[in-house]
Amino acid sequence: IAKVKFVSDDGDRKEYTCIATFWDGSPLVKHEVTVKAKNDVISFSDGHEPMYEIRGPSKGMKMWPSKGNNGPFTHVAFWSSDAFSALYATDPAVQARPFSDWANGLGNGRMDLVHDALGKQLKKGDVSSPIVYWVAFGVGGEKEADALSDEILKGDPNPQAVDARGKLSTTWGAIKEIR
């Protein structure tokens, strides 16, 4: 398992902290995001949390609605001739949105999850409760992307013993030594 912490600042309103968890051999990446208020704000608002644009050819894009409190929850995916990428919500109040051909000539679409329904009023200095969502990058297409929503309901993938040799230009031991 590898966990990476990212902190980003939107200027004068919010500081986002994202902890991304990666598992070797899994197409899934778990994201846990909190907001620290730099002024009085709503924690999650205005959609696009998360959002990304598809800047290459794709064969399709689809949104699956939430099945209610027991899931699977709303998710959206796009796929090419041999691979897919998807966003998965972990709360029935979250919306997924595909925007195919959203900007003429700029790409083949955009997709996002909208966590607005989970937003809470924060005072300056407050930190929100985390939202959790998953991203996947895998081999296959529409069917494989949808099937992963059931895997997410099971929780975090099991850790696997990994031999780093041959996967990186350096070994895990050497990575730990670099400071």
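Tutor: Gladly! Let's start with a term: two strands pair if DSSP finds at least two bridges between them. Keep in mind that this is a predicted model.

Student: How do you know that strand 8 and strand 12 pair?

Tutor: Seven bridges join strand 8 and strand 12, in the antiparallel sense. Pairing asks for at least two bridges, so strand 8 and strand 12 count as paired.

Student: Why is strand 8 called largely enclosed?

Tutor: Buried means under 20% relative accessible area. Six of the seven residues of strand 8 are buried, so the rest of the structure largely encloses this strand. For the protein, 37% of the 179 residues count as buried.

Student: What makes a group of residues a nonpolar core?

Tutor: Its members are buried residues of nonpolar kinds such as Val and Leu, joined through side-chain atoms within 4.5 Å. The largest such core here has 21 residues, and Val33, Val76, Leu87 and Leu113 have the most contacts inside it. Strands 3, 7, 8, 10 and 12 each supply at least two of its residues. Apart from it lies another core, of 13 residues, including Trp64 and Trp134.

Student: Which residues does leucine 113 touch, leaving aside its neighbours within four places in sequence?

Tutor: Its contacts include His48, Pro50, Leu87, Val94 and Tyr133.

Student: Why is phenylalanine 6 called partly exposed?

Tutor: Phenylalanine 6, in strand 1, has a relative accessible area of 46%. Buried would need a value under 20% and exposed one over 50%, so with 46% phenylalanine 6 is partly exposed.

Student: What makes a nonpolar surface patch with Val4 and Phe22?

Tutor: Val4, Phe6 and Phe22 make that patch, which covers about 250 Å². Patch residues need over 30% relative accessible area, and phenylalanine 6 has 46%.

Student: How many helices and strands does the protein have?

Tutor: There are two helices and twelve strands. Along the sequence, the pattern is β-β-β-β-β-β-β-β-β-β-β-β-α-α.

How values were computed. Residues are numbered from 1 along each chain as its sequence is written. This is a predicted model: local features need pLDDT of at least 70, side-chain atom pairs count only at pLDDT 80 or more; totals for chains, interfaces and linings use all residues. Side-chain values use heavy atoms; hydrogens and water are left out. Buried means under 20% relative accessible area, exposed over 50%, partly exposed in between (1.4 Å probe, protein chains only). Helices (H or I, at least four residues) and strands (E, at least two) are DSSP runs, numbered from the N terminus. Contact means heavy atoms within 4.5 Å. Patches are made of residues with over 30% relative accessible area and no salt bridge: like charges are joined within 9 Å, nonpolar side chains (Val, Leu, Ile, Met, Phe, Trp, Tyr) within 5 Å. Accessible areas come from the Shrake-Rupley method with a 1.4 Å probe; for residues, only the protein chains shown count as cover. A salt bridge is a side-chain nitrogen of Lys or Arg within 4 Å of a carboxyl oxygen of Asp or Glu.
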